[in-house]
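Hi,

Here is the structure I promised to pass on.

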Amino acid sequence: MNTKIFRSMSYGVYIVSTMDGERPTGCTANSAMQITSSPATVAVSINHDNYTNQCIKKHGVFSLSILAEDSEASLIGTFGFQSGKDVDKFQGVDYSIEEGVPVIRDSCGYVVCRVIDTMETSTHTVFLGEVVGADVLGEGRTAMTYAYYHNVIKGKSPKNAPTYLPDEEKEEKPEEKTVGKRYQCTICGYIHEGELPPDFKCPVCGQGADKFKEI
């Protein structure tokens, strides 16, 4: 089975958020879709290992912030490559509370959903939510696709993502073997070509140069 065909399917890039008691938490997601228009319902897939999964189950409401191509790329790393159980992912992030849950302001907009059903797979929970709030935050901004994230930002899939392919870490384009020094972020997999300045920050996850290794 050639799983690379899944890369030809269309995905967006989202921040799915909810509340962990009194504090906000969330994770990066790419498998979300509108199911019906009236009443408006949305489905999103979250890995069982993501702390956000259990928080959505407890709180019963979640938001889906739709990232734009010009959204701060570090949002993807902040919410996708560390656990909300250990880290306050919203620290330093511009957000607001809508319908009782956090939404990312640096985005095209958001929808807020009340969980009305779930479906369990061996690795993920698919949450079906009835939309209780929505708004456009970035008129004219272009929604980021997962292809844009891979091809332009050069980001990798978190291992908990539904679209993660194990061979991603092994792949290397033939032409890349002939260039100079290359460094890979050990947190998110982003590859930097050329010399690595001491004050360099990963454009995907925001980590410093000390988290990079030469490849």
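A residue is called buried here when its relative accessible area is under 20%. Keep in mind that this is a predicted model.

Let's start with Ser74, which sits in helix H2. Its relative accessibility comes out at 18%, so Ser74 counts as buried. What does Ser74 touch, if you ignore its neighbours within four places in sequence? The contacts are Pro203, Val204, Cys205 and Gly206.

Next, the aromatics. There are 4 aromatic pairs in the structure. One of them is Phe79 with Phe90, an edge-to-face pair with 5.0 Å from centre to centre and 80° between the planes. This pair ties together distant parts of the chain: Phe79 belongs to helix H2 (residues 74–80), while Phe90 lies in the loop between H2 and strand S6 (95–98), 11 residues apart. Both Phe79 and Phe90 are buried.

Phe90 has another partner too, namely Tyr95. Why does the pair of Phe90 and Tyr95 count as edge-to-face? Their planes are at 65°, and the cut-off for edge-to-face is over 60 degrees. The ring centres of Phe90 and Tyr95 are 4.9 Å apart. As for accessibility, Phe90 has a relative accessible area of 3%, so it is buried, whereas Tyr95 is at 32% and therefore partly exposed. Put together, Phe79, Phe90 and Tyr95 make up one aromatic cluster.

Now to helix H1, which covers residues 51–59. Which of its residues are buried? They are Tyr51, Thr52, Asn53, Cys55 and Ile56.

How many disulfides turn up in a search of the whole structure? The count is 0. Two cysteines to look at are Cys108 and Cys202. Cys108 has a relative accessibility of 12%, so it counts as buried. Cys202 is at 3% and is therefore buried as well.

That's what I have for now.

Cheers

Note on methods
Residues numbered from 1 in each chain as written. Predicted model: local features only at pLDDT ≥ 70, side-chain atom pairs only at ≥ 80, totals over all residues. Heavy atoms only, no water. Phe/Tyr/Trp six-rings, centres within 6.5 Å; stacked < 30°, edge-to-face > 60°. Helix = DSSP H or I, 4+ residues; strand = E, 2+ residues; numbered from the N terminus. Buried < 20%, exposed > 50% of the residue type's maximum accessible area, 1.4 Å probe, protein only. Disulfide = S-S within 2.5 Å. Contact = heavy atoms within 4.5 Å.
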